[in-house]
Amino acid sequence: MTYDRRQEELVLADGTRRHMDLDAFLLHWDDLSGMRPADLRNALKTARDGEYIKADVTFDDKVDEEYSVRDQVSFFFHEGKLGLEACFASDAYGTEEEAQAALSPLLNAYLQRHRATLIGVDLDGNSWKPLVWEIEIDASTRGRDMADLYRIGEGALALVEALESGELTRVTALDLIRSGHAHTLIGQEEGPWLDVKSAHYDLKSPGGKIAIAQAVARFANGEHGGIVVVGMRGKRIPGGEVINSICPVPVDGRTLRNYQQAIEQHLYPPPDYLDIELAPVGGGSLVLLHIPPQPEEYKPFLVHGATVDGNVEGAFISIVRRRGESSIPITAPAIHASLAAGRALLRRGELPRDEG
């Protein structure tokens, strides 16, 4: 990638040219994949040295400097550094101080997990009703292309939108809980990816250990993964259950280990990338269990033990998965079909490939 001073154009690796004005130019989304941040930074340094210049992004089929619709995520170059900017409109904050105080905990927690830091939340002085806010981000570029950086900006905007609208996904809910914004889940229905419990599972009893293993297995056997939150209370409504309050649970140095051991003892195979952690909440903590979507070849996840008519049967095997806000057993025909398919592959001398 180079900068053509005569034409005032950025020349991409494939020969595509993007015209540059004094303080802005336009990139297409397809330009970002494979574009190394270091190459763009060096080209912009040649073009503008330390002066500020902004790179907007468009998804239009044809890049038109005047008429293309810019996306909410863009890049900027200033004083030798390449940064990321994500813009959103909101009248919820009257000053930059208010916006910074409200959004910094959420964004800092999210960005830290993506090797990035928050520079600040600034007000676009040219906006008026609704106000437009600019989230400026400094992200590590090691092992990333420009498309990777763009997605970090997208994630930041998704979190802000979820915080303000209450419309959650498994991923945004996870970040909101981790960053101390668990209250945003109040009013949210339990469903295919969310289950809450007001008190600890009784991990000193066989029944309690089996219960937490089954709670994890329900999401591991499902299609979308899920979150189990211990320390939130649900309320029955027609057709389901909604979260109506937060009730922090007592924790100590062995809390997470006790949960981990109960799951290890009663769930097979161990789910990939299962997270068990404490999440801050006013006056205490929640226990947060995150079960990402699991590879199909690992299913079904088996729970060693079952509760039958109120009695714990340690020698039984139970297989459950999530449907809506409840769980259902995996049927005998489904289990037999999986076993038969696996035996057929073994008979032919074939094994499923590990995609990891």
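Start with the crossing of helices α3 and α4, which is right-handed in this predicted model. To see it, select residues 96-112 for α3 and residues 146-165 for α4. Two packed helices are described by the angle between their axes and the distance between the axes. Here α3 and α4 pack at about 140°, and their axes lie 10 Å apart.

Now show the side chains where these helices meet. On α3, pick L103, L106, L107, Y110 and L111. On α4, pick R151, I152, G155, A156, L159, V160 and L163. Colour them by class and you will find 10 nonpolar residues, 1 polar and 1 charged in the contact of α3 with α4.

Stay with α4 and bring in the strands. This helix lies across β5, β6, β7 and β9, and runs at about 30° to β7. Next, select residues 37-48, which form helix α2. Helix α2 lies across β4, β5 (53-58), β6 (73-78) and β7 (81-89), running at about 95° to β7.

Time to look at the sheet itself. Which order do the strands follow in the open sheet? Trace β4-β5-β6-β7-β9-β8: these 6 strands form the sheet, and their pairing is mixed. At the edges, select β4 (24-28) and β8 (116-123), each of which pairs on one side only.

Select β9, residues 132-139, together with β8: the two pair in the antiparallel sense over 7 bridges. For a last stop, click D122 and then E134, its bridge partner in β9.

Notes:
Residues are numbered from 1 along each chain as its sequence is written. This is a predicted model: local features need pLDDT of at least 70, side-chain atom pairs count only at pLDDT 80 or more; totals for chains, interfaces and linings use all residues. Side-chain values use heavy atoms; hydrogens and water are left out. Two strands pair if DSSP finds at least two bridges between them. Helices (H or I, at least four residues) and strands (E, at least two) are DSSP runs, numbered from the N terminus. Contact means heavy atoms within 4.5 Å. Axes are lines fitted to C-alpha atoms, for helices over the stretch in contact, and angles run from 0 to 180 degrees between N-to-C directions. A crossing is left-handed if the near helix is turned anticlockwise from the far one by less than a right angle, and right-handed if clockwise. Ala, Val, Leu, Ile, Met, Phe, Trp, Tyr, Cys and Pro count as nonpolar, Asp, Glu, Lys and Arg as charged, and the others, Gly among them, as polar.
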